[in-house]
Amino acid sequence: EIQQILPILMEHIKRIEPPPAPGSVRPPPIGWWDNLRYKIHGNFAVCIGEFAFKWLVDHVENSDLCILMQSVGINVCYEVGRIKLGFITFVVSVPREPHPLVIEHHNQSHDHENDLNEGNEPKQHDEHHHTNSSHRHSLLMIPHLELDFFVRWNVAAPKIASPTNHHSPSLLYPNHVISSKAQKDIFHRFRSHGVHVTFNAIMSGDWEFTNWVALRVDVLPWISHKPSIPYSKPNLPPPSEVKSPDLHIASLIVEATVSESRMAVWYGQSNAV
C-alpha cells in the first residue's frame, strides 16, 4: 500500500542527498510539496495515447482483482500554479463476477436450510471461487473529462520572495536584511505556510455516449476487498527524529460542471450493461 511504500521511497531519496557541510546547522525539513515547487517548474505538456492503471485489491498473483482505470487519450499541461488534465473515454471498472463475500452471504442462508434438513455438516465455501474472471464491469464512464487545478502558496514575504520564484530558494534575501531567523533557516522565505486550491471539473458527453454511472451492488465490495491472507509488512526504516511538516490547505474551492448523465443501481449480472 502507498502508506507503506512512501516511507521506504523517501528513505532511499535521503541516501543520495549530499550531507551538510561540517559545522553547519541543518535547517528544518521542507515539506514534499515545497520540494516539488523547487524541482518541478516551467511549462510542459504531455500527451498519452492509451493509458491503463491497475489499483490492486489483492496479491500481485491475482492482478485481475483490481480497480482498473483506462483512457484512450490523456493530455497533461503544467505551468507554474496550474495543472490541467484532459481524458478521453475515461472508464473505471472492477471484476464482473460478484464479490465472493456477497455470494457467501447469499448461499449461507440457503445452504444452512439444506444442511439442517439433510442432517449434514455445514459446507465450507471457497471465497475465491469467483475471483479468476477476466471480465470487467464498468462502474464509471465519462466520454470527456477535464480537471483544472489552480494553486497559490502562502510564503513569509511574498513581495520580496514570490511564491513562483523557484530558483536558488536559499538566496531570496536582500543583501542588507538577514534576520536571526533567516540565519537558522535559509529557506525561511521560500517554504510555504499554506496553499489555496481552486479545482474545476467538467464532465461532458459526445455524439455517441453520455456520462454513465453503473452501480451494480454485488460488485461494489471489490472496491474495499481484503485478501484472505494478509500482506506481510515490509521492514520499514526507523522513524526520523525530525518531524516533517504537515501540508496546510488554507482554502479550497471546487466547481463542477456535468452534462447529461445517467445512473443505474441494480443487483446481479445484466447483459444490457
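**The charged pairs and their surroundings**

Modeller: Let us begin with Arg 37 and Asp 34, both of which are buried. Please keep in mind throughout that this is a predicted model. Arg 37 and Asp 34 form a salt bridge, and their closest N and O atoms are 2.6 Å apart. Side chains of opposite charge can pair when their charged atoms come close. Both partners belong to helix 2, which covers residues 32-39, and they are three residues apart, about one turn of the helix.

Trp 33 is buried in helix 2, as are Asp 34 and Arg 37. Viewed down the helix axis, the buried residues fall within an arc of 100 degrees, so they line one face of helix 2. Trp 32 and Lys 39, by contrast, are exposed, and they sit on the face turned away from the buried side. What do the buried residues of helix 2 pack against? They pack against strand 6 and against strand 7, which spans 192-204.

The search of the whole structure finds three salt bridges, and the one still to be described joins Asp 218 to Arg 216, with the closest N and O atoms 2.8 Å apart. Asp 218 and Arg 216 are both buried. Arg 216 lies in strand 8, which runs over residues 211-216, and its relative accessible area is 1%. Leaving out residues up to four places away in sequence, Arg 216 touches Arg 96, Glu 97, Pro 98, His 137, Trp 266, Gly 268 and Gln 269.

In soluble globular proteins, nonpolar side chains tend to be buried together. The largest nonpolar core here has 17 residues, and those with the most contacts inside it are Phe 87, Phe 90, Val 94, Leu 145 and Leu 147. Strands 5, 6 and 7 each supply at least two residues of this core, and strand 5 gives the most to it, with five residues. If neighbours within four places in sequence are set aside, Leu 147 is in contact with Ile 83, Lys 84, Leu 85, Phe 87, Phe 199, Asn 200 and Ala 201.

Thr 89, which is placed in strand 5, has a positive phi of about 55 degrees although it is not a glycine. Most residues other than glycine have a negative phi. The relative accessible area of Thr 89 is 30%, and Thr 89 is partly exposed. Ser 138 is found in strand 6 and, at 33% relative accessibility, also counts as partly exposed. How far apart are the C-alpha atoms of Ser 138 and Ser 93? They are separated by 4.1 Å, although the two residues are 45 residues apart along the chain. Beyond its neighbours within four places in sequence, Ser 138 is in contact with Val 91, Val 92, Ser 93 and Ala 214.

Finally, here is the setting in which all of this belongs. The protein has four helices and 10 strands, and 28% of its 273 residues count as buried. Among contacts with a separation of 6 or more, 78% come from residues 24 or more positions apart. The protein exposes about 18700 Å², of which carbon and sulfur atoms supply 59%.

Definitions and conventions:
Residues are numbered from 1 along each chain as its sequence is written. This is a predicted model: local features need pLDDT of at least 70, side-chain atom pairs count only at pLDDT 80 or more; totals for chains, interfaces and linings use all residues. Side-chain values use heavy atoms; hydrogens and water are left out. A salt bridge is a side-chain nitrogen of Lys or Arg within 4 Å of a carboxyl oxygen of Asp or Glu. Buried means under 20% relative accessible area, exposed over 50%, partly exposed in between (1.4 Å probe, protein chains only). The arc is that of the directions from the helix axis to the C-beta atoms. Contact means heavy atoms within 4.5 Å. A nonpolar core is a set of buried Ala, Val, Leu, Ile, Met, Phe, Trp, Tyr and Cys residues joined through side-chain atoms within 4.5 Å. Accessible areas come from the Shrake-Rupley method with a 1.4 Å probe; for residues, only the protein chains shown count as cover.
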